[in-house]
Amino acid sequence: MKLQVSTSSLPSTRRAWPQPGALALAVVLALAGCAHPALREADELSRANQLNQAYAVLDAAAQKEPQDHALRAAQIRVRTQLSNRLLMQIEGARASSRWAEAQAAMQSLREIDPKHPRLAFFESELQRGQKQEATLLTARSLLREGKLERVEALARDILSESPQHPGARQLLSQVAQARPLEQQGSLELGPAFQKPVTLEFRDAPLRQVFEALSRSSNINFVFDKDVRSDTRITIFLRNVTLDEAMRVVLNTQQLDRKLLNDSSVLIFPNTSAKQREHQELITRTLYLANADVKQVQAMVRTIAKVRDIHVDERLNLMVVRDTPEVLRLVERLIASVDLPEPEVMLDVEVMELATDRVDELGLKWPEQLSFGLPAVGGGLATGQVPIGQRDEFRGFVANPGVVANLRGSSGNVNLLANPKIRVRNREKAKVHIGQKLPVFTTTTNFTGQTSVAASVSYLDIGLKLDVEPTIQLDNDVVIKVGLEVSNLIRQVTGPGGTTAYEIGQRTTSTTLRLNDGETQVLAGLINDEDRRTASGIPGLSGIPVLGSLFGSRNDTRAKTEVVLLITPRIVRNLALPEASLTRTPGGTDASPGAFSGLLRPNAKVGVGPSGGGGAAPAALAAPRDVQAAPAAPAAAPASEATVRLEVTPQVTPGGTISVTLRNESGLSIRGEVEYDANLLQSMQGGTTPGRLPVELPARGDKVFVMRALPASTGKVTSIELGSVQATGPNGESSSVRLEGSGLVTVEAAR
């Protein structure tokens with residue numbers, strides 16, 4: 001074949017075309033020459049990281065030439081970059097409480113983009129952040145004073161606005177560590193309710209018990225009209241606080257209380273009707289960040305038994321209306337479950353290793369021998385031929401007659417897929433790498449006029465990988481893996497010309513448990529084919545060695561193997577809540593979240609003598625039917641006075657410490673109880689911090705109650721008796737020997 005090209009239309013002169021690099025440079029220079037000077041200046045300023053100056057240049061140029069679209073586009077682009085940078089500055093300054101810097105960045109953002117959608121959000125957040133910081137300072141000062149309930153209320157107010165506020169969460173943790181579990185459900189009461197008392201009544205009217213409590217503590221008691229004040233009660237409590245004594249009386253008499261102020265209490269029957277009449281209800285809107293609001297609603301209904309609850313699935317919020325005690329329990333329950341779900345990054349590597357080898361050796365002889373009468377145009381005559389022309393018969397074989405096969409080939413294929421998938425806990429992820437084969441389906445309708453309808457469906461072939469991870473708390477990942485590898489073998493033609501395919505398929509499924517960062521190899525999906533074919537002259541092709549002269553052999557070996565490597569890398573595991581949220585007092589079955597009826601560990605309940613050497617602090621006078629035990633006979637004055645000091649050896653943060661001083665001599669003793677005011681707080685008050693004056697009569701004793709402050713967590717402190725003086729009946733002085741240990745160990749936070 002010849003190709004002819006006519007060149008008569010081409011000019012006779014030759015042109016030297018410029019090189020591609022020179023042409024591109026010329027275009028750039030031409031565009032640069034045509035560009036606006038403000039664009040070049042703004043581009044230089046942007047490269048020097050001076051976005052404010054670049055925006056000012058573009059803004060001034062755009063005001064002079066408002067119809068220049070290039071200037072407008074560049075201005076919008078630089079303004080977007082500058083806005084993003086200012087937003088990052090505002091967020092960083094807000095997180096570190098640099099309010100002046102955040103306000104300056106806000107003002108800059110307002111100047112360049114007064115309609116930015118996040119301006120209103122950050123303005124409210126900055127105001128809220130400054131108010132929350134002031135609230136935190138107030139709460140920390142209250143924490144040092146030991147007012148735990150007030151601190152908890154302020155911290156929860158902050159968390160209701162900012163659920164992840166680190167300062168408020170730290171305050172809640174400190175409050176929980178400083179308060180024993182049995183006291184976590186009680187409200188903060190005034191100092192008068194913490195006064196130690198002793199109750200010893202047998203078959204006394206209920207009115208008389210509350211009259212004695214009121215006289216000793218200056219607490220006002222108001223009774224509902226349905227309270228039977230003539231109900232008889234027998235109670236013996238020694239060395240308990242007024243609050244504990246009052247709760248014991250109310251729980252045993254089917255009564256409840258309502259605090260009117262720091263010194264007034266309303267007593268009413270503990271019935272459903274009276275609860276609805278007297279209990280104050282609070283409505284609280286709780287926003288959930290991670291948990292499903294429907295599941296939380298079911299949990300709250302089951303455990304807290306709330307009265308009224310409404311959920312909004314659109315905003316993932318829940319509105320609860322109940323008593324303050326129940327709402328406190330609901331908040332703790334939600335805080336323990338509203339946690340972000342774990343996530344894992346799965347690094348998957350799939351390899352298909354394929355090798356094939358073909359060996360073909362020998363002579364290929366003709367498979368057919370023709371003998372007949374030649375035709376005029378070549379070949380053999382068709383139809384019937386006369387046998388009389390047998391001399392003209394000829395033999396024919398295919399051309400070429402003999403073919404020598406000397407061929408050998410080999411191949412090596414390595415197909416690699418390396419997807420990285422980020423999956424949430426217990427969620428499924430799929431990877432499909434391959435192709436879709438069309439499969440046609442025809443439907444013939446023979447009713448009336450024959451019609452044929454065709455439809456197409458697609459068949460997926462290639463690599464399919466399904467994974468479902470489950471992240472454990474010990475940073476192990478349990479993975480359900482499903483792997484399928486399919487390939488097209490051949491195409492099959494069906495009835496009516498339809499097309500089908502023969503597909504080869506290899507599948508596996510398993511469940512793995514891997515450590516974070518551990519790699520597991522799954523192999524063994526092998527497809528091994530070994531085919532041997534031979535063709536040649538029968539009988540002769542089977543002769544050893546010489547058989548290759550009379551035939552051809554074809555050996556084919558194909559082997560493929562699929563290898564899967566999977567490595568989990570945990571992005572975020574479940575952050576377990578603090579112990580204060582997982583151990584929550586629940587009240588009683590009838591009143592969830594109500595006051596605890598437990599007493600302090602050193603309180604004594606039961607029948608006991610009311611007399612003795614010295615009275616317990618603020619002891620209440622017993623009625624006439626309570627008989628006092630005879631006083632122990634006074635011993636003769638000894639030459640040396642002995643005072644025994646007993647303290648509670650180990651307490652939890654916020655727990656109470658009982659300090660008992662016993663005078664085992666016949667002398668009067670005066671002194672001061674000395675302690676560290678930064679670690680302990682006296683429940684009896686006192687004018688001098690760290691010192692309590694004490695007077696012990698002969699054979700008498702004295703009991704003081706102290707509380708371990710949050711600062712004492714994990715420390716060992718000492719309570720001592722100093723400035724001791726012993727005086728006899730006639731004014732003589734004597735030495736004093738102190739026995740016992742005043743060491744107190746405050747447990748560390750768990």
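Analyst: Before the pairings are discussed, one term is needed: two strands pair if DSSP finds at least two bridges between them. The model is a predicted one.

User: Which residue stands opposite L743 in β31?

Analyst: Strand β28 (residues 716-718) and β31 run antiparallel and are joined by 3 bridges. Within β31, V744 is the bridge partner of T717. Opposite L743 in β31 stands S718.

User: Which residue stands opposite V746 in β31?

Analyst: Strand β22 (residues 650-651) is joined to β31 by 2 bridges, and these strands run parallel. The residue opposite V746 in β31 is V651.

User: What is the order of the open sheet of 3 strands, and which strands stand at the edges?

Analyst: The pairing in this open sheet is mixed, and the order is β22-β31-β28. Each edge strand has a single partner strand, so one side of each is left without a neighbour in the sheet; these strands are β22 and β28.

User: Which residues of strand β31 form the covered face?

Analyst: Strand β31 comprises residues 743-746. L743 and T745 make up the uncovered face, while the covered face consists of V744 and V746.

User: Which strands are at the edges of the open sheet of 8 strands, and what is the average twist?

Analyst: The order in this sheet is β25-β27-β23-β21-β30-β29-β24-β26, with mixed pairing. The edge strands, each of which pairs on one side only, are β25 (680-682) and β26 (691-696). From one strand to the next, the twist averages 25°.

User: Which residue stands opposite E695 in β26?

Analyst: Over 6 bridges, strand β24 (residues 668-674) pairs with β26 in the antiparallel sense. The residue opposite E695 in β26 is R670.

User: How many aromatic pairs are counted, and what is the angle between the planes of F121 and F122?

Analyst: The count comes to 3 aromatic pairs. F121 and F122 form one that is edge-to-face, with 5.3 Å from centre to centre and an angle between the planes of 70°.

User: Why is the pair of F210 and F223 edge-to-face, and how many residues apart are they?

Analyst: The ring centres of F210 and F223 are 5.3 Å apart and their planes lie at 85°; because planes over 60 degrees apart count as edge-to-face, the pair is assigned to that class. The pair links distant parts of the chain, with F210 in helix α9 (residues 206-217) and F223 in strand β2 (residues 220-223). F210 is buried with a relative accessible area of 3%, whereas F223 is partly exposed at 33%. The separation of F210 and F223 is 13 residues.

User: Why is helix α13 described as largely enclosed, and what length does it reach?

Analyst: Of the 14 residues of α13 (residues 324-337), 11 are buried, so the helix is largely enclosed by the rest of the structure. Among the buried residues are V326, L329, L333 and I334, as well as E325 and R328. From its first C-alpha to its last, α13 reaches 20 Å, close to the expected 20 Å.

User: Which strand contains S723, and what is its phi?

Analyst: S723 counts as exposed at 53% relative accessibility. The residue lies in strand β29 (residues 720-727). S723 is not glycine, yet its phi is positive, near 50°.

User: Where does Q254 lie?

Analyst: Q254 also has a positive phi in a residue other than glycine, near 60°. Q254 is exposed, with a relative accessible area of 54%. Its position is the loop between α10 (242-252) and β4 (255-261).

User: How many helices and strands does the protein chain have, and what percentage of its residues is buried?

Analyst: The secondary structure comes to 14 helices and 31 strands. Of the 750 residues in the protein chain, the buried share is 36%.

Methods
Residues are numbered from 1 along each chain as its sequence is written. This is a predicted model: local features need pLDDT of at least 70, side-chain atom pairs count only at pLDDT 80 or more; totals for chains, interfaces and linings use all residues. Side-chain values use heavy atoms; hydrogens and water are left out. Buried means under 20% relative accessible area, exposed over 50%, partly exposed in between (1.4 Å probe, protein chains only). Helices (H or I, at least four residues) and strands (E, at least two) are DSSP runs, numbered from the N terminus. Axes are lines fitted to C-alpha atoms, for helices over the stretch in contact, and angles run from 0 to 180 degrees between N-to-C directions. Rings of Phe, Tyr and Trp (its six-membered ring) pair if their centres lie within 6.5 Å; planes under 30 degrees apart count as stacked, over 60 as edge-to-face and the rest as tilted. The expected span of a helix is 1.5 Å times one less than its number of residues.
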